[in-house]
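I opened this structure for the first time today. My notes follow in the order I looked things up.

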Amino acid sequence: MQYEKSCGAVVFRKYHGNTELLLIKHTTGGHWSFPKGHVEAGETEQQTARREVFEETSVQIDFCPGFREVVSYSPRRDVMKDVIYFLAHARNYDFVPQEGEIARIRWVEISLAHSFLSYDNDKQLVNRARPLIREFF
């Protein structure tokens, strides 16, 4: 069994009184999710998450303490993958999709996120993040 590890973030902003989440649509597979990617040698989990969010979206982030969630799944036969997600506040709101990997990016009102997200694991992340996001504002 092969093991893979990625890190990413549930990125949010307050915009015109609404709480919005940063969602990406992958070119491969066409699914909506959160920015994430593989850990590179020598990186911490948060360094990976910060780099991947920026590479995929051009959005810079600040992490919110107290949120570190692990999502485990098998993307292929004989492969087990852990994705570590952090909660982060966006420092800038303009985005640029990473060419070749990201088909679309959207800021989505948190109450509508479930209708965009492709996987139940991601929907559960929103449910766990929501109380901490409320505390932030």
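I began with Tyr73, which counts as partly exposed because its relative accessibility is 29%. The cut-offs I used are under 20% relative accessible area for buried, over 50% for exposed, and partly exposed in between, with a 1.4 Å probe and protein chains only. I note that this is a predicted model, where local features need pLDDT of at least 70, side-chain atom pairs count only at pLDDT 80 or more, and totals for chains, interfaces and linings use all residues. Residues are numbered from 1 along each chain as its sequence is written, and side-chain values use heavy atoms, with hydrogens and water left out.

I placed Tyr73 in strand E5. Strands (E, at least two residues) and helices (H or I, at least four) are DSSP runs, numbered from the N terminus. I then listed what Tyr73 touches beyond four places in sequence: Lys36, Val79, Met80, Lys81 and Val83. Contact here means heavy atoms within 4.5 Å. I also checked Arg104, 31 residues from Tyr73 along the chain; their C-alpha atoms are separated by 24 Å.

Next I followed Met80. I found Met80 in strand E6, residues 79–90. Met80 counts as partly exposed, because its relative accessibility is 32%.

I turned to Thr48, in helix H1 (residues 45–57). Is Thr48 buried or exposed? Thr48 counts as buried, at 0% relative accessibility. Leaving out residues up to four places away in sequence, I saw Thr48 touch Cys7, Gly37, His38, Val39, Glu40 and Glu43.

Then I went inside. The largest nonpolar core has 20 residues, and Leu21, Phe34 and Leu87 have the most contacts inside it. Strands E1 (2–15), E2 (18–26), E5 (61–73) and E6 and helix H3 (120–136) each give two or more residues to this core. H3 supplies the largest share, four residues. Apart from this core lies another, of 17 residues, including Cys7 and Ile84. A nonpolar core is a set of buried Ala, Val, Leu, Ile, Met, Phe, Trp, Tyr and Cys residues joined through side-chain atoms within 4.5 Å.

Last, I looked at the whole chain. I counted three helices and seven strands. Along the sequence they read β-β-β-β-α-β-β-β-α-α. The C-alpha trace spans about 45 × 30 × 30 Å along its principal axes. Buried residues make up 45% of the 137 residues. Of the contacts between residues at least 6 apart in sequence, 68% join residues at least 24 apart.
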